[in-house]
Amino acid sequence: MTDMFVSLGTWNWLIFGFILMALEVLAPGVFLFWLGLAALLVGLISFTVVLSWQIQLVMFAVFAAAAVPVWRRLARPKPDASASPFLNKRADALLGREFTLEKPIVDGSGTMRIGDTVWRVAGPDTPAGTRVKVVQVDGANLTVAAA
């Protein structure tokens with residue numbers, strides 16, 4: 001068995017690297033890709049420098065161990081608060097905006113359609129068609145004032 005590894009030499013690493021990358025396609029998880037990349041690196045280095053199989057094995061272990069933190073750093077999602085600052089806070093996004101009432105506010109309460117959602121609104125009695133501004137948000141309740 002050892003004779004086979006010695007006789008193939010560098011090609012072992014390239015074949016092993018491609019097999020690991022092909023397994024990644026069958027069982028996705030990105031981990032085997034980095035091990036395959038480590039094997040390919042050892043194979044490419046072995047083409048330029050003659051190394052014993054023991055040193056090649058140590059190089060593979062070092063590259064594979066170095067690939068794990070690189071993979072974790074690249075795979076970590078980058079938080080981007082500016083992309084959606086009101087995610088899960090839809091009502092807060094309405095604060096300060098102006099809308100037209102479709103239905104009047106009677107006795108200090110009513111409803112208002114914004115997009116595809118009907119919101120409960122509170123404020124002074126106001127006829128339908130009036131422009132109002134959202135001045136306060138309390139959960140799913142909006143407080144409005146004449147704009």
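In the hairpin of β4 and β5, which residue takes a positive phi, and how many residues lie between the strands?

Modeller: The residue is G139, with a positive phi near 65 degrees. Two residues lie between the strands of this hairpin. First, some ground rules. This is a predicted model, where local features need pLDDT of at least 70 and side-chain atom pairs count only at pLDDT 80 or more, while totals for chains, interfaces and linings use all residues. Residues are numbered from 1 along each chain as its sequence is written, and side-chain values use heavy atoms, without hydrogens or water.

Helices (H or I, at least four residues) and strands (E, at least two) are DSSP runs, numbered from the N terminus. Strand β4 covers residues 131–138 and is joined to β1. Strand β5 covers residues 141–146. Strands pair when DSSP finds at least two bridges between them. Follow the partners along the hairpin. V137 has L142 as its bridge partner in β5. Q136 stands opposite T143 in β5.

Strand β1 (residues 98–100) is antiparallel to β4, and three bridges join them.

Now cross to β5 and its other neighbour. Strand β3 (residues 117–122) pairs with β5 in the parallel sense, over three bridges. Here R120 stands opposite N141 in β5.

Then come the helices. Two packed helices are described by the angle between their axes and the distance between the axes. Axes are lines fitted to C-alpha atoms, for helices over the stretch in contact, with angles from 0 to 180 degrees between N-to-C directions. Helix α2 (residues 10–26) and helix α3 (residues 31–48) cross at roughly 160 degrees, and their axes come within 7 Å. That makes α2 roughly antiparallel to α3. Angles under 35 degrees count as roughly parallel, over 145 as roughly antiparallel, 65 to 115 as roughly perpendicular and the rest as oblique. Their contact holds 18 nonpolar residues, five polar and one charged.

Helix α4 (residues 53–75) packs on α3 at about 140 degrees, with the axes 8 Å apart. α3 and α4 are therefore oblique to each other.

Aromatic rings come next. Rings of Phe, Tyr and Trp (its six-membered ring) pair if their centres lie within 6.5 Å; planes under 30 degrees apart count as stacked, over 60 as edge-to-face and the rest as tilted. There are five aromatic pairs by this rule. In one of them, W11 and F47 have ring centres 5.4 Å apart and planes at 85 degrees, so the pair is edge-to-face. W11 sits in α2 and F47 in α3, so the pair ties together parts that are 36 residues apart in sequence.

One record entry covers this region. An unreviewed UniProt entry annotates residues 12–45 as "transmembrane region". The span is 88% helix and 0% strand, and its end C-alpha atoms lie 13 Å apart.

Notes: Nonpolar A, V, L, I, M, F, W, Y, C, P; charged D, E, K, R; others polar. UniProt positions renumbered as here; feature names shortened; annotations may be inferred.
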